[in-house]
Amino acid sequence: MKIRTTRALQCSTALAAAGLLVTACGSSGDGGAGASAGSTSFQGRGPITYVAGKDTSGVVPKVIDRWNRLHPKEKVTFIQLPTDADSQRQQMIQNAETKSDAYTVLSLDVVWTSEFAAHQWIDRLPEKQFPLRTMLKPVVETAKYRGNLYAAPASSDGGLLYYRTDLLKKAGVTRPPATWSEMTADCAKVKKLPEAKGMSCYAGQFQKYEGLTVNFAEAVNSAGGVVTDANGRPHVDTPEAKKGLDFLAGSVKDGTIPKEAVTYQEEDGRQAFQSGKLIFLRNWPYVYALAEKSKAAGKFAVAPLPGLNGPGSSSLGGHNLALSSFAKNKATALDFMKFFSSEDSAGTFLRDASLAPPYTDLYDNASLVKQYPYLPVLKQSILRAVPRPRVVQYGDVTSAIQQETYAALTGSKSSTQALKDLQNDLQHATAQ
Amino acid sequence: MADIKIPPGTAADAPGPTALRPGRHSPPVGLRRQRARATAGSGRMAALLVSPTLLVLSIVVLYPTVMALKESLYGTKGLDPKTGFIRTTEPFVGLRNYGDIFGTGGDRFWNAFWNTTFFTVVTVGLETLIGVAMALIMHKAFRGRALVRAGILVPWAVPTAISALLWRWIFNSNGIANALVGHQILWTTEGFHAKVAVIIAEVWKTAPFIGLLVLAGLQVIPKEVYEAARIDGASALGQFWHITLPLVKPALLVAVLFRCLDALRMFDLPYILVGAQKNSVETLSMLAQNEASNVRFGPASAYAVLLFLYVLLIALAFVRVLGTDLAGDGGAAGKGAGRNRRVRVPALRRAEVTA
């Protein structure tokens with residue numbers, strides 16, 4: 001007792017006097033934990049699990065096998081969840097609600113970070129142990145909640161503008177459009193060609209689902225507006241946001257975007273583009289490889305998304321690795337997360353499964369660019385990208401966005417009214 | 001044979017009504033023989049035999065229901081603005097979740113309520129018509145009957161989620177449905193056409209179920225009745241109206257009741273075919289799922305409880321109104337006893353068919 005008091009006294013004196021680090025004193029007790037990462041201590045070694053959606057590429061087991069060969073005593077088991085994001089999220093939440101230790105490392109969609117962090121379902125991570133500086137900045141932002149790191153960026157994704165090079169060339173357009181008005185002007189030129197008979201100008205993902213939130217956020221950001229600010233407060237009842245929504249709603253009205261595009265998800269748009277119904281398409285990089293195998297092969301290229309007065313901003317996709325708060329063997333888990341999100345692993349994921357990496361260098365790698373010609377454009381897209389609203393109640397926020405945007409697109413509400421109502425709904429949702 | 005199958009149910013039921021309804025002094029002739037056997041000893045035996053069933057039922061039915069009721073009295077965990085973390089406990093809010101459903105969420109609730117009711121009435125109505133027609137076709141003796149029967153049953157065998165995906169392709173903007181109609185209807189957007197799409201897919205999938213149950217009912221109608229009718233010179237329509245329909249009614253009613261209860265709980269078909277949060281097709285189950293998926297278990301439970309009550313109400317009303325109306329001997333047999341018997345008989349018949 002006496003000894004402890006004295007030591008504490010010594011410590012505090014030392015701290016006060018010399019400004020020593022906590023570690024210098026804390027090492028005697030168990031107080032060292034959390035010096036670098038809030039209250040979390042990463043202790044325990046042994047087998048763990050990695051939980052992610054169904055892996056269709058076959059590359060995840062390959063990387064896990066490599067880890068297992070190197071760490072025979074700390075084996076990782078791959079738990080595959082269903083393909084669709086909603087069921088993945090639901091199962092992870094169930095696991096957390098029951099405080100089960102069945103899941104260790106979670107592959108989280110970038111928009112779930114805030115929700116999982118706020119519920120304390122995942123642990124805060126030591127920032128210094130991950131090479132965040134070598135990663136694209138917007139990607140790192142998706143892994144943070146209130147300025148603290150809660151996940152390790154594993155893969156990214158950004159929107160690209162696919163366009164028909166053959167038609168643009170024939171119409172005398174030499175470079176892809178950088179603004180919306182350039183795009184519609186290019187369309188007008190292309191539509192005069194006999195080959196463009198029956199074609200529509202542009203489409204994205206406008207069905208009432210998560211894709212609509214992505215496209216709405218892109219339109220607003222590309223017009224200079226924001227959906228939510230840095231503190232998660234909504235600002236959609238603004239002239240900038242209105243310009244963004246007007247571009248979408250007005251384009252559906254005047255036929256720049258075909259009427260049927262309000263039923264499009266990623267695949268519908270891809271098929272329409274490939275079968276020659278669209279001149280421009282907003283979609284993810286995964287389309288590139290598939291379109292190369294279709295009859296559109298050799299007739300298309302990609303560009304950054306256009307905006308109101310210049311290049312636009314994409315929404316960010318991708319997945320981050322997070323550590324379940326209720327898991328065991330967290331020391332192993334942390335090592336595995338570092339390994340799995342390393343530049344080396346990211347390179348493998350890019351080469352074998354064309355998953356966009358979070359690391360800047362890989363986008364400039366000559367052999368990779370040869371394999372995936374869209375990489376430089378994707379890098380531009382991600383660097384200018386804005387994450388979707390980083391709020392705890394993301395589910396409510398995205399529903400509200402879908403509800404009002406869809407009403408504006410289908411013409412049942414004016415864009416002014418839709419944004420006014422949306423601002424209301426979002427304030428209500430983020431106030432909780 | 002019936003004796004071997006029925007005992008637990010009969011023995012449990014037989015002393016029940018008499019004990020609960022002391023006012024009824026003269027049980028009908030048909031039932032007196034059954035009741036005479038039910039002595040005190042066999043009553044205890046019956047209770048013993050039924051107790052495992054009751055135990056299992058209370059674990060799998062009663063407990064979750066009570067838990068849902070309790071959960072519905074709790075609110076949502078709030079966010080602590082200082083730490084940025086969600087609080088760990090759910091506040092007790094009493095009946096506020098219910099108040100919110102009818103207050104702030106009123107529009108959404110009533111929209112979902114009317115959608116659910118509309119779907120139930122329309123789909124079950126159409127299914128009954130088509131199902132009976134299917135049963136009559138399956139019942140006819142002709143070459144290739146087995147093939148037709150198998151063909152008709154295929155939609156019922158397809159899981160709802162899969163059939164929803166199937167119909168989503170059909171109702172795609174460039175799908176077969178639009179090719180047939182001749183102009184582009186955007187089926188999966190908001191609007192009455194979305195309701196139509198759900199109804200078509202639902203009827204396609206479940207009419208065979210009614211067909212199957214009605215077929216079972218048809219097969220127990222003795223041939224002599226039709227022969228007699230033919231001799232009397234009854235037309236085909238007359239035979240259907242005066243013989244087939246009344247005799248097949250018990251089976252048909254069970255089928256319709258089952259379909260009603262299923263349709264009231266409709267979730268996956270509109271969710272996958274048209275999409276989540278589409279006002280035109282949102283059902284009560286979808287509201288509960290939506291709340292639960294946003295980690296608001298209290299309000300989700302409140303929706304679930306309301307849906308449960310609605311389903312229960314419809315089921316009770318169904319058994320009372322249609323059950324009493326159905327049997328010709330209703331007046332003679334006494335209402336309570338008649339009801340019990342009527343519901344059980346077709347249920348057994350169905351069990352035999354599916355087995």
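Which residue in β9(A) does A203(A) stand opposite? In this predicted model, A203(A) stands opposite L281(A) of β9(A). The two strands concerned, β8(A) and β9(A), the latter formed by residues 278–283 of chain A, run parallel and are joined by three bridges.

This pair belongs to an open sheet of four strands in chain A, in which the order is β8-β9-β7-β10 and the pairing is mixed. At the edges stand β8 (200–203) and β10 (300–303) of chain A; each has a single partner strand, so one side of each is left without a neighbour in the sheet. From one strand to the next, the twist averages 15 degrees. Helix α11 of chain A, residues 266–274, packs on this sheet and touches β7 (160–164), β9 and β10 of chain A. The direction of α11(A) makes about 150 degrees with that of β9(A).

A second open sheet in chain A has five strands in the order β2-β1-β3-β11-β6, again with mixed pairing. Its edge strands are β2 (76–81) and β6 (152–158) of chain A, each of which pairs on one side only. Neighbouring strands of this sheet are turned against each other by 20 degrees on average, direction ignored. Within the sheet, strand β3 (residues 105–109) of chain A runs antiparallel to strand β11 (residues 316–323) of chain A, and five bridges join them. One point of reference along this pairing is S107(A), whose bridge partner in β11(A) is L321(A).

Helix α13(A) leads on to the packing of helices. Two packed helices are described by the angle between their axes and the distance between the axes. Helix α3 (residues 59–70) of chain A packs with α13 (residues 330–340) of chain A at an angle of about 125 degrees, the axes being 11 Å apart. The helices α3(A) and α13(A) are therefore oblique to each other, and their crossing is right-handed. From α3(A), the contact is made by V60(A), V63(A), I64(A), R66(A) and W67(A); from α13(A), it is made by T332(A), D335(A), F336(A), F339(A) and F340(A). By class, these comprise seven nonpolar, one polar and two charged residues.

Another helix pair of chain A consists of α17 (residues 394–409) and α18 (residues 415–431), which pack at an angle of about 170 degrees with their axes 9 Å apart. That angle makes α17(A) roughly antiparallel to α18(A). Helix α17(A) contributes D396(A), V397(A), A400(A), I401(A), E404(A) and A408(A) to the contact. Helix α18(A) contributes S415(A), A418(A), D421(A), L422(A), D425(A), L426(A), A429(A) and T430(A). The residues of this contact between α17(A) and α18(A) divide into eight nonpolar, two polar and four charged.

In chain B, the axes of helix α7 (residues 106–139) and helix α15 (residues 284–293) come within 8 Å and cross at roughly 140 degrees. The helices α7(B) and α15(B) are therefore oblique to each other. Here R108(B), F109(B), A112(B), F113(B) and T116(B) of α7(B) meet L284(B), L287(B) and N290(B) of α15(B). The contact has five nonpolar, two polar and one charged residues.

Finally, the two chains may be considered together. In the interface, 31 residues of chain A are in contact with 27 residues of chain B. Between them the chains bury about 2300 Å², of which 42% is on carbon and sulfur atoms. Which three residues supply more than any other three of the area that chain A buries against chain B? They are R146(A), K208(A) and E260(A), which supply 19% of that area.

How values were computed
Residues are numbered from 1 along each chain as its sequence is written. Chains are lettered from A and ligands numbered from 1 in the order in which they are written. This is a predicted model: local features need pLDDT of at least 70, side-chain atom pairs count only at pLDDT 80 or more; totals for chains, interfaces and linings use all residues. Side-chain values use heavy atoms; hydrogens and water are left out. Two strands pair if DSSP finds at least two bridges between them. Axes are lines fitted to C-alpha atoms, for helices over the stretch in contact, and angles run from 0 to 180 degrees between N-to-C directions. Contact means heavy atoms within 4.5 Å. Angles under 35 degrees count as roughly parallel, over 145 as roughly antiparallel, 65 to 115 as roughly perpendicular and the rest as oblique. Ala, Val, Leu, Ile, Met, Phe, Trp, Tyr, Cys and Pro count as nonpolar, Asp, Glu, Lys and Arg as charged, and the others, Gly among them, as polar. A crossing is left-handed if the near helix is turned anticlockwise from the far one by less than a right angle, and right-handed if clockwise. Buried area is the accessible area (1.4 Å probe) that two parts lose on being put together, summed over both.
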